[in-house]
Amino acid sequence: MNDVRIAMLGSGFVAGFYMQGLANVRGQRVVANYSRNAARARAFAKTWSIPEPATDLGELVRRQDIDLYVIALPNEVHLPVSLQLSRARRNQVCTKPLGRTRAEAKAMLAAARKSGAMHGYAETEVFAPCVVKAHQVVAEGGIGKVLWV
């Protein structure tokens with residue numbers, strides 16, 4: 001089975017956070033990362049051993065060898081980037097927030113459905129080691145019987 005080839009769209013804190021999460025996922029390979037700033041793209045690529053830093057989003061979206069795009073960009077560009085990916089029929093996962101408003105999120109979902117490509121919303125906190133440990137402690141009765149959350 002071939003690895004899922006991922007393009008990380010973003011080279012800041014959020015993108016780094018998702019790179020940490022991907023480190024424990026088998027069968028994936030981040031092959032490119034995008035930043036609006038070339039120096040940031042190169043630095044991020046070096047930090048995470050990503051072979052291809054990029055500053056041309058259109059060129060990256062046109063590539064046929066990328067299986068999944070992770071949108072880890074500033075909130076105000078989630079919508080236009082998601083719509084661009086949907087127009088190109090690209091699989092995408094968006095970091096939180098999905099949209100800044102309900103209307104943005106609905107537009108993203110409608111475009112993704114129309115494209116036929118996969119669209120997901122990433123929520124890594126569920127799998128963070130501290131959350132997993134807390135769940136284990138609660139499940140084992142470490143804080144008593146949970147009555148309400």
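User: At what angle do helix α4 and helix α5 pack, and how far apart are their axes?

Analyst: Two packed helices are described by the angle between their axes and the distance between the axes. Axes are lines fitted to C-alpha atoms, for helices over the stretch in contact, and angles run from 0 to 180 degrees between N-to-C directions. Here α4 (residues 78-87) and α5 (residues 102-115) pack at about 10°, with their axes 9 Å apart. Angles under 35 degrees count as roughly parallel, over 145 as roughly antiparallel, 65 to 115 as roughly perpendicular and the rest as oblique. The two helices are therefore roughly parallel to each other.

This is a predicted model: local features need pLDDT of at least 70, side-chain atom pairs count only at pLDDT 80 or more, and totals for chains, interfaces and linings use all residues. Residues are numbered from 1 along each chain as its sequence is written, and side-chain values use heavy atoms, with hydrogens and water left out.

User: Which residues in α4 meet α5?

Analyst: Contact means heavy atoms within 4.5 Å. On the α4 side these are His-78, Leu-79, Ser-82, Leu-83 and Ser-86; they meet Glu-104, Ala-107, Met-108, Ala-111, Ala-112 and Ser-115 in α5. By class, this contact has six nonpolar, four polar and one charged residues. Ala, Val, Leu, Ile, Met, Phe, Trp, Tyr, Cys and Pro count as nonpolar, Asp, Glu, Lys and Arg as charged, and the others, Gly among them, as polar.

User: In what order do the six strands form the sheet?

Analyst: Helices (H or I, at least four residues) and strands (E, at least two) are DSSP runs, numbered from the N terminus. Two strands pair if DSSP finds at least two bridges between them. The order in this open sheet is β3-β2-β1-β4-β5-β6, and the pairing is parallel. β3 (52-54) and β6 (119-121) stand at the edges with a single partner strand each, so one side of each is left without a neighbour in the sheet. From one strand to the next, the twist averages 25°.

User: How many bridges join β1 to β2?

Analyst: Six, and the two strands run parallel. β2 is mostly covered, with six of its seven residues buried (under 20% relative accessible area; exposed is over 50%, partly exposed in between, with a 1.4 Å probe and protein chains only).

User: What kind of unit do β2, α2 and β3 make?

Analyst: A crossover is right-handed if, with the strands pointing away from the viewer, the path from the first strand over the helix to the second runs clockwise. β2, α2 and β3 make a right-handed β-α-β unit. α2 (residues 38-48) lies across β1, β2 and β3, and runs at about 155° to β3.
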